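Take the model below and walk through it piece by piece. Start with confidence, then turn to packing.

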Amino acid sequence: MLLADFGTSYCKIIETEDGSPARIVATRELDRSFCADLATGHNATRRSRKSINELTALARGGQQLVNRPDFVLLDCGSRDIKFVRFHEGKVVDMGWNAECGASMGFTIELLSAYYQLDYATIPVPATGFSITCGVLGMSHIFDAVISGASETEAVAKFVRGIALNAHRFANEPEELYLSGGLCDNPLFVASFPCRIIPLGRFVLLAGLRATLRGETPFR
Amino acid sequence: MHQRIGIVGVPPLAIIEAITREGDILIDLDEPQVQASLDQSASRIPRVYCAILRTVVLNCMHLALDRVYIDVGPGKCDCALHTAEVLDDMLRVPVIRTRNQDVHAFGYPLCISRIPLLEKFRRITKGVQSVQPYPVLARCEPECGFWGVPPRDFSLLSLFPDTTHIFGWTRCMENKTPANFDLERAFDPNIPTVFFSQSFCAKAALAKHLAAKHPRGIAIDCDVSAGSSTRAKIEAFLELSGLEPGNRGGD
């Protein structure tokens, strides 16, 4: 079975029967004829035989990967953020922010390319910008640079602001499991005001596998 | 010659009775009545504003009306009070402010019936124009709840099961007591419930507050039309509550 998580910027794909590891393909480079057996993500309906909702895939994946009854899992994607909270093994709260939390991952990636920054080398700033979405937040960077801050400092405050906003969106837990490509961004992970446990980029694929097995974290 | 009377919100029953007695034509200005772009209303009312009241203004820009009744009391909202001022200056016909504080309860059989949710809302909003008692309907055992006002875009209602009970201001609307706050804030903690509000509506605060109090509630807001993210959020909430969402059309 070919499973796919069709993200806005990157697609995560796995073939379940040949034992090969999951692979990541830039969405813009994916063959137009590619069709998965089971998929999730914004292009899933068009590019697969069967699709499931992203938040459902996240919840099912989280339950597979986190062996605890109570936890909060936050997925930060290119375009949106979403979270699920488990209590006693069941989903009891969730959120999906596609407008006011929009384009966080995408703008963080764009900024590093434009300003040629390596997030692994940037220290966490003491404060972050007060921002709610990637697009609106970029004005803060431009204003800070005009006011004399370095581009690196300004982008760092932007990233910290994004992390603080994502933490608030998930209702400010003391511990947070993180899903998505931003797990690989040390500055972003360190910018949260709580303990972060990164789960990587394949949580939704784990949710698709659980769907194949018929496992559901229904309440 | 019958007159064309526009209504906004739920005017007092005595006014509806008088209009129907005269045989005049009632037009619900809260609902889209013309094909024109909503952006046309931006010359009169801000774009970042309640989509229902933007629709009211758009309707008034295009429809030939003889009179408008707009409820501005506790059964509606402050935004309606301010929009009434806009309409008053904009229209050459009387704009009559009402403060509906009717207390006679008609009941809410549609809210708790087993009928497709979209159809329930159609009948409830249409019911504002009637003064007749409701026919008897069997109550169904609820699997899900929808709290809030009638959405600007009814298509999102098709995601819900027929066993969805309606709460909030829509229940007050069917009961013909739009200012009954105790009824408006009531919910059933035993069923998963979507707390809906129009974007930029004051009721969003109550929706968020009640969703936080509800053991299985989620607050959702939507502006002019239900985009894919709004629909996906509702769909996931229903799925993760163990319910099968309805059709996925409407994007």
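This is a predicted model: local features need pLDDT of at least 70, side-chain atom pairs count only at pLDDT 80 or more; totals for chains, interfaces and linings use all residues.

Residues are numbered from 1 along each chain as its sequence is written, while chains are lettered from A and ligands numbered from 1 in the order in which they are written.

Begin with chain A. Its mean pLDDT (the predictor's confidence in each residue, from 0 to 100) is 90. At least 70 is reached by 95% of the residues of chain A. Helices (H or I, at least four residues) and strands (E, at least two) are DSSP runs, numbered from the N terminus. Among the elements of chain A, strand S9 (residues 175-179) has the highest mean pLDDT, 98. Strand S8 (residues 90-97) of chain A has the lowest, 84.

Now look at helix H7 (residues 203-213) of chain A. Eight of its eleven residues are buried. A residue is buried if 20 or more other C-beta atoms, placed from the backbone, lie within 10 Å of its own. Among the buried residues of H7(A) are A:Val203, A:Leu208 and A:Arg209. After H7(A) comes A:Gly214, with a positive phi near 80 degrees.

Next, the cores. A nonpolar core is a set of buried Ala, Val, Leu, Ile, Met, Phe, Trp, Tyr and Cys residues joined through C-beta atoms within 7 Å. The largest has 95 residues. Those touching the most other members include A:Leu74, A:Val159 and B:Trp147. Helix H5 (residues 151-169) of chain A gives the most to this core, eight residues. Another core, of 26 residues, lies apart from it, and B:Leu53 and B:Val56 are among its members.

How do the helices pack? Axes are lines fitted to C-alpha atoms, for helices over the stretch in contact, and angles run from 0 to 180 degrees between N-to-C directions. Helix H3 (residues 104-115) of chain A and H5(A) have axes that come within 11 Å and cross at roughly 170 degrees. H3(A) is therefore roughly antiparallel to H5(A) (angles over 145 degrees count as such). A:Ile108 and A:Leu111 of H3(A) are among the contact residues, as are A:Val155 and A:Val159 of H5(A).

In chain B, helix H2 (residues 51-62) and helix H3 (residues 78-90) pack at about 15 degrees, their axes 11 Å apart. So H2(B) is roughly parallel to H3(B), a label for angles under 35 degrees.

How values were computed. A residue is buried if 20 or more other C-beta atoms lie within 10 Å of its own, exposed if 12 or fewer, and partly exposed in between; C-beta atoms are placed from the backbone. Angles under 35 degrees count as roughly parallel, over 145 as roughly antiparallel, 65 to 115 as roughly perpendicular and the rest as oblique. Two residues are in contact if their C-beta atoms, placed from the backbone, lie within 7 Å.
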